[in-house]
Amino acid sequence: MDVPLRKVAYEKFKGRLFDKTLTPGSFVTQRELCDVLESPMGAVREALKRLEAEGLINLLPQRGVQIADINIRFINDSFQFRVLIEEEAARRMARAPQREILQGILRRTVDLKDRAVDAPKDVEGLLSEGLQVDLDLHVALIANFENSLITDTYQNLEDRVRLIRLNSQYSLDRLSVAMEEHIKIISSLLDGDENASAEALKAHLRTSWRRALGDKEVGL
């Protein structure tokens with residue numbers, strides 16, 4: 001079954017956004033986007049409607065397309081929503097822990113934390129792994145809702161947070177802090193401690209929120 005051209009253009013746009021071909025806050029014409037996305041104008045225009053609804057672009061008369069700017073409001077809106085939805089997700093997971101999934105993520109988390117201490121040669125690769133493990137934990141929490149509306153909404157939120165991360169600087173020290181926070185979250189989930197899980201998750205997200213706003217004294 002052929003994939004609609006508008007969906008192809010939509011996915012290519014996000015790919016170019018996340019590989020930094022398209023820069024947050026910059027302006028681009030629809031014709032330029034056709035070239036970058038290697039897609040016809042009709043498909044690009046349809047994709048732009050969806051991207052605007054998701055807050056990843058702004059369509060401005062006479063100026064073209066503005067890529068979402070990673071400003072204070074963008075960051076605050078994203079993290080405020082994230083704290084609200086993920087706190088409930090953590091409570092639900094603690095009430096009925098999916099042990100196999102959580103234990104698998106825990107093993108990867110501990111391994112990453114240990115390797116971060118050993119001055120690895122491939123620092124960028126390790127940081128990339130860390131971001132993926134982070135994502136996998138949060139996605140697992142949201143999937144536990146078993147609600148397609150929540151899952152679809154979170155996908156948009158995930159894209160926004162990923163964009164925020166791509167425009168921040170990370171280090172092995174920050175990775176270690178994040179992995180330690182994850183270990184605390186997962187351990188509380190496996191213990192079935194609803195309140196401890198929710199508090200550990202909120203503390204982790206608030207640290208990430210502060211860091212995204214430029215506080216250099218906090219972790220990932």
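The legends below describe several close-up views of a predicted model.

Local features are reported at pLDDT of at least 70 and side-chain atom pairs at pLDDT 80 or more, whereas totals for chains, interfaces and linings use all residues. Residues are numbered from 1 along each chain as its sequence is written, and side-chain values use heavy atoms, leaving out hydrogens and water.

**View 1. The open sheet of strands E1, E3 and E2.** The 3 strands are arranged in the order E1-E3-E2 with antiparallel pairing. Strand E1 (27–28) and strand E2 (57–60) are the edge strands, each pairing on one side only. Strands (E, at least two residues) and helices (H or I, at least four) are DSSP runs numbered from the N terminus, and two strands pair if DSSP finds at least two bridges between them. E2 is joined to strand E3 (residues 64–67) by 4 bridges, and the two run antiparallel. Ile57 stands opposite Ile67 in E3, while Asn58 has Gln66 in E3 as its bridge partner. In the hairpin of E2 and E3, 3 residues lie between the strands, and Gln62 takes a positive phi near 70 degrees.

**View 2. Helix H3 against the sheet and helix H1.** Helix H3 (residues 41–53) lies across E2 and E3 and runs at about 120 degrees to E2. Angles are taken from 0 to 180 degrees between N-to-C directions, with axes fitted as lines to C-alpha atoms, for helices over the stretch in contact. The axes of helix H1 (residues 5–18) and H3 come within 8 Å and cross at roughly 60 degrees; H1 and H3 are therefore oblique to each other. Angles under 35 degrees count as roughly parallel, over 145 as roughly antiparallel, 65 to 115 as roughly perpendicular, and the rest as oblique. The crossing of H1 and H3 is right-handed, a term for a near helix turned clockwise from the far one by less than a right angle, left-handed being the anticlockwise case. H1 contributes Leu5, Arg6, Ala9, Tyr10, Phe13 and Lys14 to the contact, and H3 contributes Ala43, Val44, Glu46, Ala47, Arg50 and Leu51. Contact denotes heavy atoms within 4.5 Å. By class, the contact of H1 with H3 holds 8 nonpolar, no polar and 4 charged residues. Ala, Val, Leu, Ile, Met, Phe, Trp, Tyr, Cys and Pro count as nonpolar, Asp, Glu, Lys and Arg as charged, and the others, Gly among them, as polar.

**View 3. The packing of helices H6 and H9.** H6 and helix H9 (residues 194–212) pack at an angle of about 135 degrees, with their axes 14 Å apart. The two helices are therefore oblique to each other, and H6 passes H9 in a left-handed crossing. Asp134, His138 and Leu141 in H6 meet Leu201, His204 and Leu205 in H9. The residues of this contact divide into 3 nonpolar, 2 polar and 1 charged.

View 4. Val123 belongs to helix H6 (residues 123–143) and is partly exposed, with a relative accessible area of 30%. Buried means under 20% relative accessible area, exposed over 50%, and partly exposed in between (1.4 Å probe, protein chains only). The C-alpha atoms of Val123 and Gln98 are separated by 31 Å. Asn144 lies in the loop between H6 and helix H7 (148–166) and counts as buried at 15% relative accessibility. Not counting residues up to four places away in sequence, Asn144 touches Arg92, Met93 and Gln98. Ile101 lies in helix H5 (residues 99–117) and counts as partly exposed at 40% relative accessibility. Although Ile101 and Asp136 are 35 residues apart along the chain, their C-alpha atoms are separated by 9.7 Å.
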